[in-house]
Amino acid sequence: MPPSEPVATSAAVPLRQPLHLISCASVLLVLSACGEDHGASFRDELGLAADEDGLRAPPSRIHAPPELESLATGQLGPDGEPLRAACVTCHSIPGLAPELELRAEDVGPPHEGIDFQHGPNGCAHCHDPEDRLSLRLADGRSIPMTDAIELCAQCHGPQYRDFRRGSHGGMRGSWDAERGVRERNHCVDCHDAHRPAYPHFTPMPPPADRFAPAGHE
Amino acid sequence: MESEEGSALGASMPPASGGHEVTYPRFLWRILSRATDGPPLFYAWMTALTAVALVGAHAWATQTNEGLGLTGMGDHVSWGLYIANFTFAVGLAAGGVMMVVPAYLYHDEEMHDVVIIGELLAVAALVMALAFVVVDLGRPDRFWHLMPLIGRFNWPISMLTWDVLVLNGYLVLNLHICGYLLYMRYLRRKPNPRWYVPFVLVSIVWAVSVHTVTAFLYSGLGGRPFWNSALLAPRFLVSAFVTGPAFIILTLRVLRQATGLALPGGPVRTLVNVMRITVLVNLFMVLSEVFTEFYTGGSHVAAARYLYFGVDGHAALVPWIWTAIALNVGGAIILLTPALSKRPHVLEAAMVMVFVGVWIEKGMGLIIPGFVPSTLHELVEYIPTRTEWMVTAGVWALGLLVFTVALKAAAPILRDAARAAQIRREHEES
Amino acid sequence: MTQSTTSRRRVLKAAGATLGAAAFARAVSPVIDFASEISAGEFFQKHYKELSPEEMAVVLRRLEDETQERYGAEVTIRDIRPRENTQFGYALNLSICIGCRRCAEACHVENNHDRATHQSYIRVLELRQGSIDMEHGDATYEHAVPRAGHFYMPVQCQQCDNPPCVHVCPVEATWKEDDGIVVVDYNWCIGCRYCEAACPYHARRFNWHAPEIPAEEINPDQAYLSNRVRPQGVMEKCTFCLHRTREGRMPACLEACPTGARVFGNLLDPSSEIRWVLANKRVFVLKEELGTRPRFFYFFDE
């Protein structure tokens with residue numbers, strides 16, 4: 001699946017140097033994924049919280065989970081792969097689902113049966129009531145569904161900070177920024193947005209040690 | 001002039017005049033061929049030992065070919081029966097010094113006459129110790145890696161390199177002393193003190209170092225709290241001074257029975273006196289360890305708890321250690337009760353008791369608990385396999401073969417000792 | 001004694017000696033089989049640190065041929081040296097490790113471990129919350145994870161700065177490299193297992209048998225000091241996947257971790273993630289009182 005655009009790395013920005021800050025912000029503006037002018041301030045506020053001293057998140061490609069852009073149909077397509085319907089297919093039709101439901105149980109097909117356990121939140125806490133393709137931040141701004149990490153980060157700051165600093169969330173690739181990039185898991189890859197508690201795993205088999213049986217010859 | 005048959009010790013001796021023509025290598029060859037002569041009982045003994053040694057050799061060869069997986073060891077308990085016996089054998093070698101000290105430092109004449117037995121025991125026990133190390137190696141074909149200057153020798157940091165040096169050095173030392181004395185006796189020449197007395201004095205210190213270094217192998221490991229005790233080296237030495245004299249006393253008894261030689265009785269009395277002290281000190285040291293472990297408690301005591309009482313149903317070593325304690329205590333009681341220790345058969349039983357008791361306590365009762373529980377506090381038990389028992393028996397047989405051959409070679413000296421004892425007795429009577 | 005008695009005795013002795021020699025040869029024949037499989041090149045091979053680049057190239061070709069012969073797999077074995085200005089460090093987040101053992105499994109596959117014993121350098125302990133006393137730990141759990149009231153601690157070689165295993169090796173078959181990784185020369189090790197006794201972290205593994213791996217499962221991208229197929233009778237241990245990490249890639253265990261509990265990097269790089277963890281999280285090491293100075297750090301988020 002195609003990687004999403006690279007996360008703009010926030011360069012070291014000693015806040016005392018305005019020139020540096022302005023040029024960095026411009027770079028971030030240019031590279032920011034969404035069209036709205038909130039990218040620089042968002043990343044500055046959250047990304048630099050603990051690291052004024054030259055730390056930057058290494059070049060990473062964050063995986064784009066299909067759940068943010070499409071819905072599983074349960075059927076197989078002509079290529080034998082599971083068929084998914086893009087959100088925009090239905091939600092570009094004006095007037096479709098005019099009211100945002102209050103509770104997950106009230107959602108009708110094709111989204112019925114959402115298992116919701118995400119604290120005291122309701123649908124409107126995250127979803128933009130006007131636009132099903134968007135999410136709504138706490139300050140009222142709308143962001144595309146594909147920018148969901150920003151939404152997660154506004155409440156789960158410590159985890160987001162750890163995610164940027166590499167101590168939360170799976171990664172693959174290079175530890176050395178000079179020799180390669182790395183691929184990061186998106187929040188939604190592990191945490192279902194409606195039921196984010198990390199699932200239980202069946203562990204891999206335990207070690208088969210050479211315990212001393214009664215002779216093994 | 002003794003005949004070839006009849007005397008277990010005897011073969012014909014060279015005439016006094018032609019002695020100086022026999023070179024040292026030729027003398028060694030004569031010893032070996034002399035070792036193949038004897039009464040039927042001797043042949044039975046040597047054949048049995050050879051058979052056991054061959055069984056052990058085959059088991060070891062199979063183990064080398066197919067891997068140490070044929071043993072009961074694993075990544076949790078990675079040393080077992082072989083290293084347990086190695087530790088014990090080093091102690092036995094060091095214990096020979098308990099004859100040397102009275103003989104050379106205290107000028108005990110009777111002891112001086114038979115001291116060669118202790119030195120030959122050291123040789124045989126060292127051969128066993130080195131053999132136990134070799135059979136425990138995963139890659140004995142890479143033995144040359146261990147040689148100084150040829151391989152890479154991590155001296156002085158690795159205690160194992162110290163052990164290689166002191167064990168081989170002690171072996172060479174005793175081979176020289178015994179070889180020189182036996183050679184001189186064969187040539188009927190008076191040995192020159194300059195060629196052996198300094199080496200003997202060095203061997204006294206070296207014997208202590210041999211067992212101290214072996215103890216340091218274990219006691220220096222911070223990750224193994226059961227071994228990481230300052231008392232380990234003293235314990236090793238004291239228990240060596242129990243088993244060495246015990247084995248020597250048994251040897252003297254066996255020699256007396258088998259050869260009919262009237263060896264002097266003084267050495268046995270001296271050794272019994274030595275053992276009266278060492279067996280008590282050994283028990284005291286065990287008590288000291290046990291107190292420190294159990295009174296302190298915490299996870300530090302886990303290995304000791306496993307050894308003495310078992311943990312969570314794992315109790316494989318419990319019968320062993322309590323048997324060892326019973327044997328050591330019983331042997332001590334016999335030694336300290338003159339009425340009992342005076343009686344030869346009871347004394348011999350006591351010797352066997354403390355010998356086996358220390359073998360258990362110092363071998364399986366020391367090495368295995370060092371690994372149980374593991375460094376990640378996992379409880380994995382160890383039971384030796386048939387392969388290990390066969391190889392161990394084979395190495396013991398090898399040691400006894402070497403010892404028997406050596407004693408045979410020392411026959412003239414022992415006969416001198418018997419004669420000297422007889423003369424002393426006649427002097428006292430007159 | 002008569003002449004004939006002596007000569008009869010001599011004949012009997014000679015017969016006995018011959019019989020004994022034959023029996024001995026028969027008894028030790030497995031060792032002859034074992035020795036015959038060792039080439040002269042292998043027997044006389046010098047220590048890793050003494051091999052010139054040309055000699056090393058010869059050794060690597062020989063090892064590749066041997067792997068082809070014994071396992072039927074085409075492999076590439078390289079000698080990958082440490083990079084300058086690199087000191088590896090590894091941290092593990094105990095708050096998010098769920099004990100799924102995918103790291104142990106990835107190690108098993110990446111490092112060409114014996115299949116029968118399902119060997120791995122990583123051992124995951126399930127511990128009760130409230131205490132890191134490993135005496136109540138369990139490495140053999142099989143239930144769904146994470147289990148309520150418990151947390152998980154994977155343990156592997158700590159690549160100590162003061163490594164007891166290196167101190168005790170009598171032949172210098174194991175040593176600490178310039179980038180901090182403690183390595184083993186599998187062709188120099190004599191298998192005495194003193195290092196295994198000395199290691200306080202159960203990090204060392206011994207090849208009690210020759211490893212058995214199907215040809216198609218062998219990872220062909222190998223290095224001399226890390227994941228080449230090891231011979232019988234020698235020690236081995238985690239090498240922080242030096243065949244990957246020295247080329248900038250992450251260790252296999254880290255890539256397999258689904259939660260991202262593992263953090264790896266260069267301690268000399270102030271902007272590295274490992275440095276951030278050490279500066280900003282409550283970090284501890286195992287058995288610190290032993291003075292081993294591990295390079296493997298554990299931390300909690302809260």
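Me: In chain C, how many bridges join strand β2 to strand β12, and do they run parallel or antiparallel?
Reply: Strands of a sheet pair through backbone hydrogen bonds, either parallel or antiparallel. Here β2 (residues 88–93) and β12 (residues 296–300) of chain C run parallel, joined by 4 bridges. Strands are DSSP runs of E, at least two residues, numbered from the N terminus; helices are runs of H or I, at least four. Two strands pair if DSSP finds at least two bridges between them. This is a predicted model: local features need pLDDT of at least 70, side-chain atom pairs count only at pLDDT 80 or more, and totals for chains, interfaces and linings use all residues. Residues are numbered from 1 along each chain as written, chains are lettered from A and ligands numbered from 1 in written order, and side-chain values use heavy atoms, without hydrogens and water.

Me: Which strands form the open sheet in chain C, and in what order?
Reply: The order is β10-β2-β12-β11, with mixed pairing. β10 (262–266) and β11 (282–284) of chain C each have a single partner strand, so one side of each lacks a neighbour in the sheet.

Me: How many residues does each chain give to the contact between chain C and chain B?
Reply: Contact means heavy atoms within 4.5 Å. Chain C gives 61 residues and chain B gives 60.

Me: How many salt bridges cross the interface of chain C and chain B?
Reply: A salt bridge is a side-chain nitrogen of Lys or Arg within 4 Å of a carboxyl oxygen of Asp or Glu. The rule finds 7 across this interface. C:Glu42 forms a salt bridge with B:Arg142, with the closest N and O atoms 3.9 Å apart.
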